[in-house]
Amino acid sequence: MKSLLKIPFLLLVFISAFSCRTPSLSAPEYGKMPALPEMDIKKVYNFRPVGNIKNREGKTLKEGRLYRSGHLFKLESRYFETVENLGIREIIDLRNSKEIARKPDHLPEGIVYKNESAFEDEGDQLDQARKLVLKGKVKGDDAEKRMLDFYRNYVTEHPEVIRKIVTEILESDTPVLYHCTAGKDRTGIITALVLTVLRFDQETIVNDYLLSNNYRQKLVDKRLRLARSFHFIYPKLDIGVLEKLSWVERAYLDAAFNEIHKEYGSTDRYVQEVLGISEEKREEYIRKFTD
């Protein structure tokens, strides 16, 4: 299973960093935008708060506690004060060591930085994956399958790391920002699990997940237009691969939750057995993060 996981993960990383766009082969699904303050931090993509949403019990997720984004390699010093004013004192980086080495976060002093990667890129697989995509060895249908496999495996392959990430977020006494490369897949799964612990319904969880398409729309449209314009350079490249890996899709997140139900029977059991959160602790987190 691990060998199957490495390639989709690496393709995901590559496309997140380098992909571009043609007009959509299939229009992406967008989320319904909640009433949240604008986060105008240039060059940091998909930066947004998670808040102002209601759970099944009618409680509202507190604003200003949870933030998510893409990598912070291009975070300019002029925005350090913005980050500090949000109260963010802890960063959880979900990327692997090679991603971080290539594009380390640029952070204000005093920020607690933690790296919690569920998977590592062994050898030169990232470069190999990039070559496979450019040579047309990976097709759109195959990319979709690999993405579905990635989501299924992410929630079950390394439970101890997933448990640690979710616990660190929920145990933080100050606002916390967590991110991966594009802030959409690994970050999206972790957000979905945090919201599951806090008893948010599935449609609300999916909506927050789909918002990555809203926040990344201009970036993805621009990159995929460039891919179309310069397609003659890599004529064998399947634009469908870029489509599948640039947007998030409801089916991807569904695959993760379907795997949870398949392996554990319910999300409640997953929360208790995999995330190690008792019912008493869960209620404590709900009180902490909701009004």
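**Entry 1: a pair from distant parts**

I looked up arginine 186 and glutamate 99 first, and their side chains meet in a salt bridge at 2.9 Å, N to O. A salt bridge here is a side-chain nitrogen of Lys or Arg within 4 Å of a carboxyl oxygen of Asp or Glu. The pair links distant parts of the chain: arginine 186 sits in helix 7 (residues 186–197) and glutamate 99 in helix 3 (residues 97–102), 87 residues apart. Helices (H or I, at least four residues) and strands (E, at least two) are DSSP runs, numbered from the N terminus. Buried or exposed, I asked of arginine 186 and glutamate 99? Both are buried. Buried means under 20% relative accessible area, exposed over 50%, and partly exposed in between (1.4 Å probe, protein chains only).

A note to myself on what I am reading: this is a predicted model, where local features need pLDDT of at least 70 and side-chain atom pairs count only at pLDDT 80 or more, while totals for chains, interfaces and linings use all residues. Residues are numbered from 1 along each chain as its sequence is written, and side-chain values use heavy atoms, with hydrogens and water left out.

Aspartate 149 counts as buried because its relative accessibility is 15%, whereas arginine 152 is partly exposed at 28%.

I also noted glutamate 76 and arginine 78, whose side chains meet at 2.4 Å, N to O, in a salt bridge. Arginine 78 has a relative accessible area of 55%, so it is exposed. Glu29, Glu203 and Arg250 are linked in a network of salt bridges.

**Entry 2: glutamine 217**

I found glutamine 217 in helix 8 (residues 202–229). Its relative accessibility is 32%, so it counts as partly exposed. Which residues does glutamine 217 contact, leaving aside neighbours within four places in sequence? They are Tyr30 and Trp247, with contact meaning heavy atoms within 4.5 Å. Tyrosine 30 is 187 residues from glutamine 217 in sequence, yet 9.3 Å away in space, C-alpha to C-alpha.

**Entry 3: two positive phi angles**

Lysine 43 is not a glycine, but I read a positive phi of about 75 degrees there. Lysine 43 is in the loop between helix 1 (2–18) and strand 1 (48–50). Asparagine 52, also not a glycine, has a positive phi of about 55 degrees. Its place is the loop between strand 1 and strand 2 (66–69).
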